Amino acid sequence: MLETTIEASCPYCGESITLFLDLSIEEQSYIEDCSVCCQPMTVSFTVQDGEPANVSVDTT
Ligand SMILES: [Zn+2]
């Protein structure tokens, strides 16, 4: 599986978190729990030229 990791900040607690992105799907959004404060956040991104683009992390 084509996968990469990026660093992002949790919209709730502001802690730096590592996100695992599946680059085999061109556009997606999903809900992931923060590994620090366990609150659900919406992660969305697109894939351009094999790289993640327009990554956003928002409160649900
Ligand atoms: Zn958090």
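Here is a short chat about the strands in this predicted model.

Q: Before we start, what kind of model is this, and how are residues numbered?
A: Residues count from 1 along each chain as its sequence is written. The model is predicted, so local features need pLDDT of at least 70, side-chain atom pairs count only at pLDDT 80 or more, and totals for chains, interfaces and linings use all residues.

Q: Okay, which strands form the open sheet?
A: 3 strands do, in the order β3-β4-β5, with antiparallel pairing. Strands here are DSSP runs of E, at least two residues, numbered from the N terminus, and two strands pair if DSSP finds at least two bridges between them.

Q: Which ones are at the edges?
A: β3 (27-33) and β5 (51-59), as each pairs on one side only.

Q: How many bridges join β3 to β4?
A: 7, and β4 covers residues 40-48. Glu27 stands opposite Thr46 in β4, and Asp33 is opposite Pro40.

Q: What about the turn there?
A: β3 and β4 make a hairpin with 6 residues between them, and Cys38 in the turn has a positive phi of about 65°.

Q: And how many residues sit between β4 and β5?
A: 2, in another hairpin, where Asp49 in the turn has a positive phi of about 55°. The bridge partner of Ser44 is Ser56 in β5.

Q: Switching topic: how many residues of β1 are buried?
A: The count is 0 among its 7 residues (3-9). Buried means 20 or more other C-beta atoms, placed from the backbone, lie within 10 Å of the residue's own.

Q: What does β1 pair with?
A: β2 (residues 16-22), antiparallel, through 7 bridges. Glu7 has Thr18 as its bridge partner there.

Methods
Helices (H or I, at least four residues) and strands (E, at least two) are DSSP runs, numbered from the N terminus. A residue is buried if 20 or more other C-beta atoms lie within 10 Å of its own, exposed if 12 or fewer, and partly exposed in between; C-beta atoms are placed from the backbone.
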